[in-house]
Structure formats: structure tokens, C-alpha cells
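Student: I'm new to this one. Can you walk me through it?

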Amino acid sequence: MIEAPAIDEPTAEAILALGPCRVESFADVGGGALDLARALHHRHGCRIFLVDMGKSGAFPDAPSDWVAPYLAALEAAGVPREAVTRVGSADEIRPWDVIANFGGFGDAWKVRHLAPVLEAGLHADSLMLTDIRKGSGSYPFLNGYGACETVATREDRGRRVTRALFRPDPPAAASIATESDEDWAEIARRLAGPFGFYTDNGMHSFLHIPRDPSVLVVTFDNLDIAMTKRADRRPWGFEFIEKQGWSMLGVMAAGWTWYRDYWAMAEFDRLAREGFFARFGRVVFYGASMGGYAAAAFSAACPGADVVAISPQSTLDRKVVPWETRYRTVWDKDFSGKYGDAALASAAAARVTILYDPYEPLDTGHARRFTGANVVALRAPLMGHRLGSSLLQMGILSEVMLKALAGTLTAGEFYRLLRARRDFPRYQRELFERAVARGRPDLARRVGRWVLARGENRYIRLAMADF
């Protein structure tokens with residue numbers, strides 16, 4: 001068993017600055033972040049990319065001198081060789097979750113040569129830890145791509161060096177995601193390959209990617225989000241499902257339609273009639289919010305399937321849910337028929353797992369409409385409507401979904417995993433603000449002391465100064 005690597009103070013500061021994000025890919029630009037690479041791999045099992053760029057931004061023909069000892073140190077720390085990739089050209093730069101630029105561009109070298117990484121190595125939720133030497137002009141350059149906040153400072157040969165956390169601007173991330181000229185139809189046909197299929201009516205599309213016939217996961221997504229806010233431009237859950245080797249049917253909506261399209265309904269009828277779903281050992285319908293509604297509603301096409309829905313709506317029929325004040329864009333849609341009311345349509349499912357925040361009154365109203373004996377309601381207090389995003393930031397979404405989609409997630413296991421929220425800044429802030437809103441400064445102080453005893457929370461630290 002490989003022991004956890006010892007963590008020095010700068011590495012601990014870096015990990016604290018990154019917060020509770022899930023790290024599946026880490027890139028070290030120039031080889032200055034070996035300790036952080038070892039720590040993140042031990043914590044997250046992430047892939048490590050060694051960006052072998054010279055000080056002028058050029059890539060050497062042969063690996064630089066630092067690469068071999070870096071690889072040896074990772075191997076000694078128990079990192080599998082197949083988990084490490086040397087990036088030896090600009091064409092190999094891809095969006096990474098976390099990037100480290102220690103002692104390189106913006107510190108010892110001119111920051112403008114970091115441009116290839118900023119232009120191709122960022123997605124909407126990327127984070128970069130970077131060293132900035134005072135007087136280098138790095139801040140104005142980096143501010144053109146996003147924003148920096150100071151993590152720590154140190155003195156180096158009489159000059160101050162700042163370690164900063166960089167976050168890309170959403171517009172920059174969106175432009176990165178749409179650089180390719182490929183449209184969705186071209187991407188989908190390529191993903192389907194010779195044995196899958198892709199159908200489209202301009203408003204909705206169905207993409208089938210055949211893999212292991214023992215499991216089919218049916219996902220629902222908004223095409224606009226997939227094409228403009230995800231670097232890989234893939235449907236909801238694609239990478240996770242691919243890693244398990246499961247087959248996938250991705251249903252995409254061109255906007256906030258709630259899939260109220262007679263063509264889409266007819267496609268589900270056709271697939272059921274032709275025995276498509278019967279080819280698979282298990283079928284799971286999976287989605288969040290609008291996609292959660294669709295997962296429950298369209299499970300009626302495959303009686304006996306499982307449903308996993310995060311913060312779903314049950315219906316948007318104004319006669320049935322007059323208290324639902326959101327989503328005015330589809331108030332005029334027809335929510336009748338066998339795929340209309342998700343709470344009724346999912347009655348034939350084997351198991352309906354619903355994750356929701358009981359402190360979100362509208363989400364709770366919908367969750368309560370699912371009353372069948374097949375319903376497993378899992379409460380995630382103070383996580384908000386965007387529960388999936390919160391679980392992702394806490395680093396537990398993959399484990400929760402793996403168990404949920406495999407049909408093995410129990411309430412006890414979910415609540416055990418949810419304990420990670422204790423270190424989640426959003427949850428801590430919600431607890432604190434609710435105590436303040438209730439006029440309980442004593443309780444707010446207790447919450448604040450509890451939070452700060454666990455680690456840094458800048459918002460609460462500053463707010464506590466007022467008590």
C-alpha cells in the first residue's frame with residue numbers, strides 16, 4: 001500500500017486554495033509542481049500532464065532534462081506510468097481541471113509565452129495556480145483571460161513573488177469550447193460510429209453509442225450548454241458513462257424545451273416498439289433538473305427501468321402545479337399524455353431515485369409528487385437546486401452516481417458520502433447565513449467558529465468580524 005506523500009506548507013496552501021473541486025486532470029507547466037502532482041494524484045487519482053514548454057513558449061524536440069527525474073519521482077510515489085503524459089506540442093494541449101505554473105511564465109520567464117496554455121488548456125471550471133513576480137506585468141496579461149486572487153507571497157532574492165489562483169472568464173471559456181467548426185450532427189455521427197445511430201429533427205436529437213450490452217444509460221441534456229459550456233462538447237454524463245464501458249443513449253434538446261415535442265415522444269415509442277431497450281440487461285434513465293424531469297417521464301417507454309433524477313420537475317402543467325413559478329418559457333406547452341406527468345409516468349419503473357434539497361421549496365413540491373413505492377427520496381439539505389454541481393465541487397458526484405446508476409446506492413451510503421459538505425464553502429455559508437437570518441447571532445458565532453476551526457473560509461472570517 002502506497003502511503004500518502006508528505007505535504008509541505010506551500011503544497012498544503014495550494015490544495016487549500018483549490019478548494020473541494022474534483023480533479024481528474026492536472027497539468028504541470030515546466031515541471032515546478034512535483035509535490036502538488038503527487039498530492040493531487042494520491043487524493044483524486046487524476047491523470048498528470050507534463051507540459052514540456054521552453055521559456056520562449058516553444059516545445060523541444062526531445063524531452064527536457066526535468067522530465068525523466070519527474071517521471072521517476074512519480075513512479076516512486078506509486079503513480080502508474082500510464083497515468084502520466086508528456087505534452088510535447090501545442091496540438092496536445094487540452095482543457096485540464098487544474099494547471100500549475102510554478103517558477104516559470106510570469107516569474108522567471110515572460111508571461112505572454114503562456115498564451116497557448118491559456119487559449120487551449122482551460123474549460124469553464126479550470127483553475128490555475130501561478131507564480132507572479134512583482135513588476136513582471138503578468139496581472140494585466142492574465143486579466144485578459146480571467147481573474148487572479150492571491151494565495152501566498154514569498155521573498156526570492158530580494159523580490160516579492162506572489163502565488164495566485166487564476167480563474168478563466170466565462171466568455172473566454174465559452175469561446176475556447178466553440179473553436180472547432182464541427183457542428184453537433186458531425187460530432188454525434190462520429191461518436192455513434194458504424195454500430196450506433198443518430199437521429200435529429202432540428203429541435204431534438206438521439207445519439208446511441210453502443211458499448212457493454214449489460215447496461216444502457218439514457219441521458220438528457222441541453223444542446224446549447226453542451227456546445228458552449230463544455231470543452232469536450234459531449235452530452236451530460238458522457239465521460240463518466242464511457243469510463244464504465246456502459247452503452248449510452250443521449251437525448252439532446254435545442255434549448256429549454258422540456259422535450260415537449262411530438263417527434264421526440266414518437267422516437268421513444270418507436271425504440272420501445274422495435275425492442276431497442278430489450279437488448280440491454282439494465283436500463284437507467286438519468287438527468288438533472290429539466291433532464292431529471294425527462295428521465296422520469298420517458299422511463300415510461302421502458303417499464304422496469306431505473307430512474308436517477310437530480311432536482312427534477314414532476315410536470316410544468318399549470319393546472320397540476322400552480323405553485324411552480326419558474327420556467328415560464330414552457331408554460332404554454334402541452335404536458336398531457338403518457339410522457340407528460342413524470343410522477344405518474346415513472347410508476348412503472350423498478351426504482352426511482354430522486355436527489356433534492358428539502359430547503360428548496362419548489363424542488364420539494366415536485367419531489368413530494370413522486371409517491372410510488374418504487375421511489376427512493378434522498379435529501380441533500382442546503383445544496384441548492386444545482387445539486388449536481390454542488391456534489392461535483394465536493395468531489396463525490398462520481399461515486400454517488402456510480403452507485404446510483406448501478407442500483408446499489410442506499411440512503412445510508414448517500415448520507416455517509418454527503419458528510420463531505422462539512423468542508424464545502426457553500427454549505428458552510430448557507431448554515432451561517434441562515435443563523436443570521438433567524439436573528440440568532442449566538443448560533444451564527446458557533447457556526448462561524450466551527451467552520452474556521454476546520455479551515456479557511458474568507459466570507460465567514462470577514463463576517464465574524466461584525467459579531
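Tutor: Some terms to begin with. Helices (H or I, at least four residues) and strands (E, at least two) are DSSP runs, numbered from the N terminus. Axes are lines fitted to C-alpha atoms, for helices over the stretch in contact, and angles run from 0 to 180 degrees between N-to-C directions. This is a predicted model, where local features need pLDDT of at least 70 and side-chain atom pairs count only at pLDDT 80 or more, while totals for chains, interfaces and linings use all residues. Residues are numbered from 1 along each chain as its sequence is written, and side-chain values use heavy atoms, with hydrogens and water left out.

Student: Okay. At what angle do α17 and α18 pack?

Tutor: About 165°, with the axes of α17 (residues 425-437) and α18 (residues 441-454) 8 Å apart. So α17 is roughly antiparallel to α18. Angles under 35 degrees count as roughly parallel, over 145 as roughly antiparallel, 65 to 115 as roughly perpendicular and the rest as oblique.

Student: Which residues make the contact between α17 and α18?

Tutor: Contact means heavy atoms within 4.5 Å. From α17 come Gln428, Leu431, Phe432, Ala435 and Val436. From α18 come Leu443, Ala444, Val447, Gly448, Trp450 and Val451.

Student: And by class, what has the contact of α17 with α18?

Tutor: Nine nonpolar, two polar and no charged residues. Here Ala, Val, Leu, Ile, Met, Phe, Trp, Tyr, Cys and Pro count as nonpolar, Asp, Glu, Lys and Arg as charged, and the others, Gly among them, as polar.

Student: Left-handed or right-handed, the crossing of α17 and α18?

Tutor: Left-handed. A crossing is left-handed if the near helix is turned anticlockwise from the far one by less than a right angle, and right-handed if clockwise.

Student: Switching to sheets. In what order do the seven strands of the open sheet run?

Tutor: The order is β3-β2-β1-β4-β5-β7-β6, with mixed pairing. Two strands pair if DSSP finds at least two bridges between them. At the edges stand β3 (84-87) and β6 (146-156). Each has a single partner strand, so one side of each is left without a neighbour in the sheet. From one strand to the next, the twist averages 20°.

Student: How many bridges pair β1 and β2?

Tutor: Five, in the parallel sense, between β1 (residues 25-29) and β2 (residues 47-51). Phe26, for instance, has Ile48 in β2 as its bridge partner.

Student: Which strands does α3 touch?

Tutor: Helix α3 (residues 67-76) touches β1, β2 and β3. Its direction makes about 165° with that of β2. Helix α1 (residues 9-18) lies across β4 (98-101), β5 (127-133), β6 and β7 (159-168), at about 130° to β5.

Student: What about α2? Which residues are buried there?

Tutor: In α2 (residues 34-44), Leu36, Ala37, Ala39, Leu40, His41 and His44 are buried. Buried means under 20% relative accessible area, exposed over 50%, partly exposed in between (1.4 Å probe, protein chains only). The cover over them includes α1, β1, β2, α3, β4 and β5. Just after α2, Gly45 takes a positive phi of about 65°.

Student: How far apart are the axes of α2 and α3?

Tutor: They are 11 Å apart, and the helices pack at about 35°. The crossing of α2 and α3 is right-handed. Leu34, Ala37 and Arg38 of α2 meet Tyr70, Ala73 and Leu74 of α3.

Student: Now Thr11: buried or exposed?

Tutor: Buried, with a relative accessible area of 6%. Thr11 is in α1. Leaving out residues up to four places away in sequence, Thr11 touches Asp35, Leu36 and Ala39.

Student: What's the order of the eight strands in the other open sheet?

Tutor: It goes β8-β9-β11-β10-β12-β13-β14-β15, again with mixed pairing. The edges are β8 (197-200) and β15 (375-379).

Student: How many residues of β13 are buried?

Tutor: Five of the five residues of β13 (residues 306-310), so the strand is largely enclosed by the rest of the structure. Asp306, Val308 and Ile310 lie on one side, Val307 and Ala309 on the other. Five bridges join β13 to β12 (residues 282-288), and the two run parallel. Ala288 stands opposite Ile310.
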